[in-house]
Amino acid sequence: MDYVSALVPPFVMAVFFIALVVTIVKSQGGANKAKEDAAVDAVLARAESGQQPHQQ
């Protein structure tokens, strides 16, 4: 029975990891995809132009 107690923690971690990956994949896209893509494009454009955002 020692082998069962040795295998349970990695099995549980693997199940949670798979659930996390599935959740991340399912949350991609949707109604906010265009908004998120526009925000990323704005950040990349700002980084490429070498400008820093104005903070007050």
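Where does H1 bend, and which proline follows within four residues? H1 bends by about 30° at Val8, and Pro9 is the proline that follows. The bend is the angle between axes fitted to the seven residues ending there and the seven starting there.

Before going on, this is a predicted model, in which local features need pLDDT of at least 70, side-chain atom pairs count only at pLDDT 80 or more, and totals for chains, interfaces and linings use all residues. Residues are numbered from 1 along each chain as its sequence is written, and side-chain values use heavy atoms, with hydrogens and water left out.

The chain has 2 helices and 0 strands. Both are DSSP runs, numbered from the N terminus: helices are H or I with at least four residues, strands E with at least two.

H1 covers residues 2-27, and its 26 residues should span 38 Å at 1.5 Å a residue; the end C-alpha atoms are 39 Å apart, so the two agree. The expected span is 1.5 Å times one less than the number of residues. Just after H1, Gly29 has a positive phi of about 85°.

H2, residues 33-49, reaches 24 Å from its first C-alpha to its last, close to the expected 24 Å. Gly50 follows H2, with a positive phi near 80°.

Now burial. Of the 56 residues, 0% count as buried. Buried means under 20% relative accessible area, exposed over 50%, and partly exposed in between, with a 1.4 Å probe and protein chains only. Val8 counts as partly exposed because its relative accessibility is 41%.
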